[in-house]
Amino acid sequence: MAEPIRVILFGAHPDDCEYRAAGTAALMVEAGHAVKFVSVTNGNAGHHRMQPRELAARRYAETQEVARRLGVAYDVLDYPDGQLLPTLEARYEIIRLIREWKADLVMGPRANDYHPDHRYTGLLIQDAAFLVTVPLLVREAEALRKDPVFVYFEDEFRGRIRPAESRLFVDIDEDARRAKIEFRWCGWRTSGSAGPGVECNERGPAGVGAAGWRRARR
Ligand SMILES: [Zn+2]
């Protein structure tokens, strides 16, 4: 098996990581990698009738069941659903989480979306990306010595928004689940690049390796 790596996924709501990457996460766990999901908001506005506190508690319980079934860690931050802003406080929290997890790979949404929470989660990750290695910021969590690789979740936004161009595909069908899939760290750095995720998505098939990840089946 390739050397185990540490992966952290951010979603705006308690279910976003699951919608976008639960299959990938399951395969990563199966392959021996350490995976953590983070919901940046507590999801307390996503229902027609349930009241916010009750809803947040229910959704938190659901995240912990997801954690149990997938074998991932799962944190839910306490920003209210529908009210997330790209504040310094939130940025520092994202930096702290990436550092504490000692992440090799960070996954999250693009900062294009109809929903402001999704958009600002993408922006917060983007803003945190360079700073995770800067030691004088967020001193309670030791700065990373090596930049993680940042990749975007696939999304369906088209039209005037620049469409997502997926360059890295993870096959999560049954055969693939049975196959041994390994993700190998190749030491690609984000420093000096145009921005997190951009390079990963735009380097084309040959760039997938250059972007730091090689997928080997069987
Ligand atoms: Zn969402």
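Q: Which residue in E4 is the bridge partner of Val7?
A: The model is predicted, so that local features need pLDDT of at least 70 and side-chain atom pairs count only at pLDDT 80 or more, while totals for chains, interfaces and linings use all residues. Residues are numbered from 1 along each chain as its sequence is written. Strand E1 (residues 6-11) pairs in the parallel sense with strand E4 (residues 105-108) over 3 bridges, where strands are DSSP runs (E, at least two residues) numbered from the N terminus and pairing requires that DSSP finds at least two bridges. Within E4, the bridge partner of Val7 is Leu105.

Q: Why is one side of E3 and of E5 left without a neighbour in the sheet?
A: The open sheet has 5 strands with parallel pairing, in the order E3-E2-E1-E4-E5. Strand E3 (73-79) and strand E5 (149-152) stand at the edges, and one side of each lacks a neighbour because each has a single partner strand.

Q: What is the handedness of the β-α-β crossover from E2 through H2 to E3?
A: E2 and E3 pair in the parallel sense over 5 bridges, and Thr41 has Tyr79 as its bridge partner in E3. A crossover counts as right-handed if, with the strands pointing away from the viewer, the path from the first strand over the helix to the second runs clockwise. The chain crosses from E2 through H2 to E3, and this β-α-β crossover is right-handed.

Conventions:
Helices (H or I, at least four residues) and strands (E, at least two) are DSSP runs, numbered from the N terminus.
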